[in-house]
Amino acid sequence: MAIARNTLVFEDCKKSCKDPYTFSEFKDKTILITGGTGFMGRWIAEMINYINDITQSNIHLILLARDIEKFQVEMPHLANKPYLSLVRQDIRNLHDLPKNINYIIHAAGTPDNRIHVSQPLLTLETFYKGTQSLLNAASRLPELKKIIHISSHQVYGENDSDLNIEETFLGKVNTSNIYGESKRISETLCFAYKNQFKLPIIIIRPFAFVGPYHDLEKPWAINNFIRDAILGGPIKILGNGLTIRSYLYGSDMAQWLLKTLLIGQIGEAYNLGSKEPTSLNDLAKKIQLLVNPSIEIINKSSKSIYKNISNLVPNTKKITDSLSLEEAHTLEESIKRTTVWNQLKTNNEN
Amino acid sequence: MIKHILISDPTLRDGNHAVAHQLTANQIAIYATAADEAGVPIVEVGHGNGLGASSMQVGLALEDDVTMLETARKHLSKSKLGIHVIPGFATIKRDLIRALDIGVDVVRVASHCTEADITQRHLGFVRERGKEAYGVLMMSHMAPASVLVEEAQKMELYGAEGIIIMDSAGAYLPSDVEEKITALVNGLKVPVGFHAHNNLGMAVANSITAIQSGAKILDGTARGFGAGAGNTQLEVLIAVLERMGYFTGIDFYKMLDASDIAEREIMPVIPVIKSESIVSGLAGVFSGFSKHVTRISKEYQVDQRDVYRELGNRKVVGGQEDIIIEVVMDLVRKKK
C-alpha cells in the first residue's frame, strides 16, 4: 500500500533532523514565517511538526501570507494543529505583529522568475517595502531573539568561474535583474536596521532546492525534468545542457534554516544549498534512470556552442562547519522522494 | 556537420486568411495527407487568426475548430498537428483543452510583439499537459531588437521551447532579419524561428538570412499560400535549404507533389505580390488585413494604397480589423 504524502514528508524530516532535542531552546517559543505558505514555509512547518511530535516542545508557529486558504486546503494535517496559526496579511502593509514573537524567518516574496519579468514593479515593492514593513514591526517586538532574512544567490551576480560561490563572492551585477537587485536592496535594508535599531538579523542566501511542495510547473530545470518524466517524456533540456546547478532537499533546507535560527551568528550571511554540482545533462540522465529509463532526452538550444557555462553552486563550508550541518539526502534520493510524492494522491485522499 | 532545420507548415492556417477562412474539411484532409506523406514535421491547422478566432470581427470560418482539427488529426500520422493560439481569441477552458484532447501535438502561443505577458498561462498549460509549446511574437517589425529579446525571454520563462518571430506584414529586409535573429539567438536559451511574408518578395531570402543568423525553425507554406502576398514558398525553401546542405527531413519530390495538390485542390488563386501588397509591406500592415481592405476599399471606392498607408501610420495590429472601416470612412470624408 502506498504511504501518504505527509508520512513521506515526516520520514524526510526525521532523516534530516537526527536529534530533534537540539531545538529545546525553541520550547514554548513563537516563530513567525512571512511568506509562510510557500515552499520554505511548508517545509519549516513540517519540521516544527516533527520536532513538536517527538519532543513535545510546543513550538508555536505563525505563518503569515496573502493566501492562507490554499494552505488550509492542501495541508489539513498541519493547518488544524493547536500550535499553528495562519495570518492573512500582505507583507507590504504589515504594521503590528503579535508581541509574543521570538523568532522571525522572513521568506515573503516569490522566487518565480515568471512573476519577476511579468510584474517587475510588484516584485520590487514586495521585497523592498515588504522587508521594511517587517523590520519596522520587528523593531517593536519586546521578546525578539533573532531574524533570518531570506535573500538569494542572485545578489552575487553572474559567476563566470567554475568555482563554487562563497559568501564573499561578487560577480557581474546586472541592474536590470529585478529579482537580484530587489534582494540586494533588501539585504542593505537589513544591515541598516541591524546597525541603527540593533535588530538581530542573519542573512541566508538560498540556491536551488528540490522536493515535495515545489510546484513542478515552476520554471526550474529539475522541476520540469521530473514533470516531463512523470508525464512519460521526453525530458526536454532547454538551453545549455552543460549548465551547472545543485539541489538541496526540502527537509534538509528546513533543518539548516532552523539550526541557523538557533545558533547562527547575528550579522553574518550564509549560503543555503547543496555543494554537489550536476550539469543539466547529467541531471536529466539521472531522472531518466530513476523515474522512467525508457523515455527520451532531447535538447533544444538557441546555440550550438556556448562561450560561458553558467555555474550556480554554493560553497557551503561556512554554514556546514560553523553550524555542524550536513546534507542528509543525496540528489538521487531527492529525485526519488520528489517523484513518489508527486505521484501520490493528496493527503485529503489518503 | 549537417545542420537540422525544423519546418512548420501553416498552409492550412495562414492559407485560411487567403480564402477568408473558407477552407473546407475535405481540403484540409487532402493537403494534410500530402504534407504527411512528404514528411513535413509540423502541419498547422485552423482559422487564419488561430484557435477560437472565428468571429465577425476577424472573419467567420467555414468549418469550426473541432471539425478542422479532427479532420487533420485523422490524416496526419508522421507529421505533428500544430495550432496557432492567440490568448483572448482562444481560452484555455473553452478551446485549448478541447484541442489538446483532439490530439494537437504542437501549440504556438502568439501575442503582439510587445505583449508577451498575455501568453504565460497558455504556455504553462501546454507544458503541463506535456505537449510542445512555442512562443510567437507577431508583427515583430514594430519593435526594436532589444524589446523583442525582452519579450522573448518572458516567453522562454513561461515555458516556450522555442521562440518564433513573425514578419506579419512582410516588411523586413535581410538586414532587419539578421539584426533581430542575431539578438534573439544571443539573448535566448531556446531555439529561434522565423515566419516570413512575401510582400516585398523577400520571404525566401529573409528565411535563409534567419538561419544564417542562427535560427533553427522556419515556417513555409505550399506555393506560399497565406495572408496578403503569401508566406515563404515551402517547396522553394526546401530546395534552397537542400542545396545549402541543411536537413529538414522532408522528401523534396513529395513536397513538390504536395504543393501541386495544394494548388489544384485548395487555392482559388495562387498568391502573387499584388500592387497593394507591396504598399502594405512598405507600410508595415498585418497581412491578414488584405481581404478586408480590398473589400471595404472597393465598397467605398477609395484607393487601397491610401488605406494601407494610413493603417501603417496608425500602427494598427492584428485584432484591430474594425479600424479599417474607420480609416476608409476618413478617406471618404476627405475626398468630399
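Across the interface of chain B and chain A, 4 salt bridges are found, a salt bridge being a side-chain nitrogen of Lys or Arg within 4 Å of a carboxyl oxygen of Asp or Glu. This is a predicted model, in which local features need pLDDT of at least 70 and side-chain atom pairs count only at pLDDT 80 or more, while totals for chains, interfaces and linings use all residues. Residues are numbered from 1 along each chain as its sequence is written, chains are lettered from A and ligands numbered from 1 in the order in which they are written, and side-chain values use heavy atoms, with hydrogens and water left out.

**Interface of chains B and A**

- Glu132(B) and Lys300(A) form a salt bridge through their side chains (3.4 Å, N to O).
- Four elements of chain B, α5 (120-128), β6 (132-138), α6 (145-158) and α7 (174-187), each supply at least two residues of the side that touches chain A; helices (H or I, at least four residues) and strands (E, at least two) are DSSP runs, numbered from the N terminus.
- With 4 residues, α5(B) gives the largest share of that side.
- In contact terms (heavy atoms within 4.5 Å), 23 residues of chain B meet 18 residues of chain A.
- The buried area between the two chains is about 1800 Å², with 49% from carbon and sulfur atoms; buried area is the accessible area (1.4 Å probe) that two parts lose on being put together, summed over both.
- Arg127(B), Leu157(B) and Lys189(B) supply 34% of the area that chain B buries against chain A, more than any other three residues.

**Annotated site in chain B**

- An unreviewed UniProt entry lists Asp14(B), His195(B) and His197(B) under "binding site"; positions follow the numbering used here, feature names are shortened, and annotations may be inferred rather than shown by experiment.
- These residues span 184 residues in sequence, yet no two of their C-alpha atoms are more than 10.6 Å apart, so they gather at one spot.
- Asp14(B), in helix α1 (residues 14-18), is buried at 2% relative accessible area, where buried means under 20%, exposed over 50% and partly exposed in between (1.4 Å probe, protein chains only).
- His195(B), in strand β8 (residues 192-195), is also buried, at 1%.
- The contacts of Asp14(B) beyond four places in sequence include His195(B), His197(B) and Asn231(B).

**Strand β2 of chain B**

- In β2 (residues 6-12), 7 of the 7 residues are buried, so the strand is largely enclosed by the rest of the structure.
- β2(B) runs parallel to β9 (residues 217-219), joined by 3 bridges; strands pair if DSSP finds at least two bridges between them.
- Leu6(B) has Ile217(B) as its bridge partner in β9(B).
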